[in-house]
Amino acid sequence: MKRITNLIALCVLITFGATAQINTPQPSPAGSVSSTVGLTDVSIDYFRPGKKGRTIFGEGPDVLVPNGQIWRTGANAGTIINFSTDVKVAGQDVKAGKYQIVSMPGADEWKVMLHTEMIGGNMGNYKEENVAATATVKPTKLSNTVESMTFQITDISADNTSANIELSWENTSVKIPVTVNFHDAVMKDIAAKTQVNPQNYVAAANYYLNSGENLDKALEWMNMYLSIGENSAQFWNIHTKAQILAKLGKKKEAIAAAQESMEKAKNWEGGDFGYIKRNEDLIASLK
């Protein structure tokens, strides 16, 4: 009986010890960032070491991350990047999936590698044959100090085809270029869905207008949508038609469409959403 009592007491102590731990801030807290570039979801999960008065990059015995040495690029288990589609990193083809970011800092040049195996903090398991892409980039000197290592997805282009993966820490910023290709996927979507939902004619026409793919087809689609009925003839869609006509060099027709759009915008009870000014500007550019 005494043994059983002691065993129960020991189990209670072990259970209590396991559940009564004190929560304190982590030295290198977890961080994450994500964004959509084109049709590609890009996410980065990492741990954020702090500067804490140390010298981070450079040379010498007191430097935390010496130049020319392989670095896990962060703390704890390192940094994982995930692409939802195939991309290009620094011009090199990279398949959709997860990669560990491994880097080699330098005073004038950094090498940033995407490692197919998740090796955590053990750089002894880094293997060149498992590198999917290597970006050789020049670091930029920052005027202000970044205390905690930070990843960002920056510089997304106006056409949504490119962005930079930026790492910044201490007074150093490094940007890794990423480009995406969504044109083929959009073309398949247009072919499949314009027959299902007439509203997709507007999306398809806008895509062709912005990409310059096939303006005649864009005009055909917009006319098809506008011909469906009165409820579809919104001034914002007529303005898009005017833009397509302008790009086709049909100035007279473009001005007429812009004037029609402007008149409808003036009479819209919910407000013109800036389309009066847009049409005025378009007409002025065509005269």
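This is a predicted model: local features need pLDDT of at least 70, side-chain atom pairs count only at pLDDT 80 or more; totals for chains, interfaces and linings use all residues.
## Rings, a helix and salt bridges

With a relative accessibility of 6%, Tyr-99 counts as buried.

**Aromatic pairs**

The structure contains 16 aromatic pairs. One of them joins Trp-71 and Trp-110 edge-to-face, with 6.3 Å from centre to centre and 75° between the planes. This pair bridges distant parts of the chain, 39 residues apart: Trp-71 sits in the loop between strand 4 (63-66) and strand 5 (79-83), while Trp-110 belongs to strand 9 (residues 110-115). Are these two tryptophans buried or exposed? Both Trp-71 and Trp-110 are buried.

Phe-83 is buried, at 2% relative accessibility.

Elsewhere, ring pairs connect Phe-235, Trp-236, Trp-268, Phe-273 and Tyr-275 into a cluster. Tyr-275 also has a charged neighbour: Arg-278 lies over the face of its ring, 4.4 Å from the ring centre.

**Helix 7**

Tyr-275 leads us to helix 7 (residues 275-286), whose twelve residues reach 16 Å from the first C-alpha to the last, close to the 16 Å expected. Which residues of helix 7 are buried? They are Tyr-275, Asn-279, Leu-282, Ile-283 and Leu-286. Because these residues cover an arc of only 100° around the axis, they fall on the same side of helix 7. That buried set packs against helix 5 (235-247) and helix 6 (251-266). Ala-284 and Ser-285, on the other side of helix 7, are exposed.

**Salt bridges**

The count of salt bridges comes to seven.

| Lys | Asp | Distance |
|---|---|---|
| Lys-88 | Asp-93 | 2.5 Å |
| Lys-175 | Asp-155 | 2.8 Å |
| Lys-193 | Asp-189 | 3.2 Å |

Lys-175 lies in strand 12 (residues 162-179) and Asp-155 in the loop between strand 11 (140-154) and strand 12, so their bridge ties together parts that are 20 residues apart in sequence. Lys-193 and Asp-189, by contrast, are four residues apart in helix 2 (residues 183-193), so about one helical turn separates them.

As for accessibility, Lys-88 is partly exposed at 35%, whereas Asp-93 is exposed at 57%. Lys-175 is partly exposed at 33%, and Asp-155 is partly exposed at 42%.

How values were computed. Residues are numbered from 1 along each chain as its sequence is written. Side-chain values use heavy atoms; hydrogens and water are left out. Rings of Phe, Tyr and Trp (its six-membered ring) pair if their centres lie within 6.5 Å; planes under 30 degrees apart count as stacked, over 60 as edge-to-face and the rest as tilted. Helices (H or I, at least four residues) and strands (E, at least two) are DSSP runs, numbered from the N terminus. Buried means under 20% relative accessible area, exposed over 50%, partly exposed in between (1.4 Å probe, protein chains only). A charge sits over a ring if NZ of Lys or CZ of Arg is within 6 Å of the ring centre and within 35 degrees of the ring normal. The expected span of a helix is 1.5 Å times one less than its number of residues. The arc is that of the directions from the helix axis to the C-beta atoms. Contact means heavy atoms within 4.5 Å. A salt bridge is a side-chain nitrogen of Lys or Arg within 4 Å of a carboxyl oxygen of Asp or Glu.
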